[in-house]
Amino acid sequence: MARTAIRRGLSQPLRWQLARLVAERTETSTAKTLVLEIDDWAGHVPGQHVDVRLTAEDGYSTQLSYSIASAPDGNQIELTIQLLQDGEVSPFLVQDFGLDDRIEVRGPIGGWFVLDPADDVPAVLVGGGSGVVPLMSMVRAYRTAATKSPMSLIYSVRSPDDVLFGGELDDQSPGLAFDVIYTRRAPEGTQRPVGRLMRSDISEQQTAQDRAYVCGPTGFVEAAAHLLVEIGYNERHIRTERFGPSGG
Amino acid sequence: MTSTSGTSDSLAYTDGNALAGPLADLFAVDITRASTSCVGCGGESAVAELHLYTAGPGFVARCPHCHDPVLRYVRTPSTAILDLRGTVRLEAPLAL
């Protein structure tokens, strides 16, 4: 199914479509998940993103890319948006965009940072901050896939207040492992001292054949990819996606 | 972090994944999966792996190995300008 979707996505010209907000969920005090319905949606592969375009009444238009957080699911997609106070798009999407409102989207986009569950390869996913969003699409698709190579998610986040998808991270399925790493403040009783991702956070059991997907702010991605290479990952099997110097 | 990064200014880039949407105006396939050879160092990278600078009026994608510009793209309301002088070769997988 997913393969079909990506082929179709590549051979059809991308076009802007209207997406309608059909539900929303609060993730943290500054992040929200938007459930969007798009009439003629081609379907996506976990890891892909959409471009979102906002146009003001005076014709001024701005656009931004957002990763899809949901597993492929008919004509609905979920975007989890982190509010950036000085951002141009996220304040509108998090604070003003209401049920039944519409925005323009085009997608699915991107054929590099993708993991098709049908590939059935062992994978480690490493996310920093809202870099966990496309990885969550991979995790969610994994839960429903028939193939079961092990998957692990290492999620680096500032504090317990910043954790996205909190409830789902407690729900361990066979073959799926989660590890949340706190960089500034951890819940009481956490053994690991707070601090940035380090070598001991990544399992040494991985092999050079395993795939790794790293997404987050640029500094996080560079550091994490470097650690993976040190541990023995093949550079060619590490896929990265960076969303800026500070990220969200 | 210090091993691969320097000052915060040197981290002022994202990567070529963000070109997938913009370059879809020109290419029939997803060009971010294509492999590029850099004129400067001969290094091979996927377009998605190029370091992308977006502070100017368009996109500048640099080689992650030697940092030479590999690809530049500017879009005006009526024109798309793609400058590939830093690219020896672009090898794109075709959608089957």
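**Cavities and cysteines in a predicted model**

The lining of the largest cavity consists of Leu115(A), Asp116(A), Pro117(A), Asp120(A), Val121(A), Met138(A), Ala141(A), Tyr142(A), Thr147(A), Lys148(A), Ser149(A) and Met151(A). The structure is a predicted model. Searching the whole structure gives two cavities of 30 Å³ or more and zero disulfides over all chains.

**Largest cavity**
- This cavity holds about 100 Å³ of space.
- Helix α3 of chain A, residues 132-144, gives the most to the lining, with three residues.
- By residue class, the lining has seven nonpolar, three charged and two polar residues.

**Second largest cavity**
- The volume of the second largest cavity is about 30 Å³.
- Its lining includes Gly47(A), Gln48(A), His49(A), Ile109(A), Gly110(A), Phe113(A) and Glu241(A), together with Asn17(B) from chain B.
- Five of these lining residues are polar, two are nonpolar and one is charged.

**Cysteines**
- No disulfide is found over all chains; Cys41(B) is in none, and the nearest cysteine sulfur, that of Cys63(B), lies 3.7 Å away.
- Cys41(B) is partly exposed, at 39% relative accessible area, whereas Cys63(B) is buried, at 1%.

Notes: Residues are numbered from 1 along each chain as its sequence is written. Chains are lettered from A and ligands numbered from 1 in the order in which they are written. This is a predicted model: local features need pLDDT of at least 70, side-chain atom pairs count only at pLDDT 80 or more; totals for chains, interfaces and linings use all residues. Side-chain values use heavy atoms; hydrogens and water are left out. On a 1 Å grid over the protein atoms alone, a cavity is a set of points where a 1.4 Å probe fits but cannot get out, and a pocket is an open set with protein on both sides within 12 Å along at least five of seven lines; lining residues have an atom within 4 Å of a point. Grid points are joined across faces, edges and corners, and a volume is the space filled by probe spheres set on the points. Helices (H or I, at least four residues) and strands (E, at least two) are DSSP runs, numbered from the N terminus. Ala, Val, Leu, Ile, Met, Phe, Trp, Tyr, Cys and Pro count as nonpolar, Asp, Glu, Lys and Arg as charged, and the others, Gly among them, as polar. A disulfide is a pair of cysteine sulfur atoms within 2.5 Å. Buried means under 20% relative accessible area, exposed over 50%, partly exposed in between (1.4 Å probe, protein chains only).
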